[in-house]
Amino acid sequence: MILVTGATGNVGGALVRALADAGADVRALVRRDVDLPAELAHGDLNDPKSVAAALGGVRGVFLLAGYDRMADTLAEIRDAGVEHVVLLSAGAAEASDLDNPVSRYHVESEALVRESGVPWTILRPRTFMSNTFQWADQLKSGNIVRAAFPDVAVATVDPADIGAVAAQAFLADGHAGQVYRLTGPEALRPAERVAILGRALGRDLAFDGFTDEEARAEMEAAMPKPYVDAFFGFFAEGHLDEATVYPAVEQVTGRPPRTFAQWAAANVAAF
C-alpha cells in the first residue's frame, strides 16, 4: 500500500493514476471525498495524527513539503514502519538565498526527511507545465497573453512525468537516497510557450510581457510580498536556474519527458 498525500493536486493525482495503472494498492489522503482510483483516507498534512491514522499497512508515503509539524508527521511515518518516503520538493531548494521563504521551506523539509530515519527519495521538479492554466481566463476573452519575466526561459515539466518518476521510485529498486531534478526536454520563454499553445488551439495568439513594475503589482495583489520577492529573486535576479534540461525523467521512466506541445495538445479543452 502506498499513501499519497496531496492526491487531488496535479502531481499527486498523476501519481495515484500511475500507481493504480501499475496494479499497486493506493490510499489517498484527502480532506473530502473525491473520485480517484484509490482507497480514500480523510486527513490533513497539517495534522500529524490524521496522517498516522492513514498509515495502517502502508509501506511507502508520497509527501509534500512545507506543512506544519512535519517532523511530527515523519516520526509517525517512521514509527508505523514505513519503508520509503518520496518527497515532492522543488528546484527552489537549490537557490542560494535562504532568506527566500520558498527556498527555505523546501530546504527545511528536505532536511527533515533526510534526518527522519526512513529511506527517502527527493524530487526537485522545475516549473510545472500546468501553471499555464493561469492563462486560461485571458484566452477565454481574447488572443493576448500577458505574463511576467518575458526573457526567462524555463524547462517546464509535465506533472504527469513527475508522477511517473514518483511511481517508479516506489515500485522499483535503486531509488532510495536519490535526488532527482525533473524537467521537460527544452527550455522555452513565455512567448515561445504561447506560440506553441496557439498552434494547439488553432489560434493566432500574441504575447505581451509585463515590465517588472507591472509584474510586481499583479503578483502583490495575489500573494504576500515576501513570496513576490522570492519569485523576483528566482527569475528577475537569476538566483534560480530553471533553464537547464536534466535527464532524470528518461533515466527513471525509460521514456523521454513530454514536450510542452504534447502537454498543450492534451489540455486544449481548458483554454
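Helices here are DSSP runs (H or I, at least four residues), numbered from the N terminus. This is a predicted model, where local features need pLDDT of at least 70, side-chain atom pairs count only at pLDDT 80 or more, and totals for chains, interfaces and linings use all residues. Residues are numbered from 1 along each chain as its sequence is written, and side-chain values use heavy atoms, leaving out hydrogens and water.

Start by selecting D72, which sits in helix α3. D72 is partly exposed, at 37% relative accessible area (buried is under 20%, exposed over 50%, partly exposed in between, with a 1.4 Å probe and protein chains only).

Next, show all of α3 (residues 70–79) together with α4 (residues 101–114): their axes lie 10 Å apart at about 25 degrees. The axes are lines fitted to C-alpha atoms over the stretch in contact, with angles from 0 to 180 degrees between N-to-C directions. α3 and α4 are therefore roughly parallel (angles under 35 degrees count as that). For the contact itself (heavy atoms within 4.5 Å), pick M70, A71 and L74 in α3, which meet S109, L112 and V113 in α4. The tally for this contact is five nonpolar, one polar and no charged (nonpolar being Ala, Val, Leu, Ile, Met, Phe, Trp, Tyr, Cys and Pro; charged being Asp, Glu, Lys and Arg; polar being the others, Gly among them).

Last stop: α6. Ten of its 13 residues are buried, so α6 is largely enclosed by the rest of the structure. Select the buried ones, including I162, V165 and F170.

Methods: Helices (H or I, at least four residues) and strands (E, at least two) are DSSP runs, numbered from the N terminus. Angles under 35 degrees count as roughly parallel, over 145 as roughly antiparallel, 65 to 115 as roughly perpendicular and the rest as oblique.
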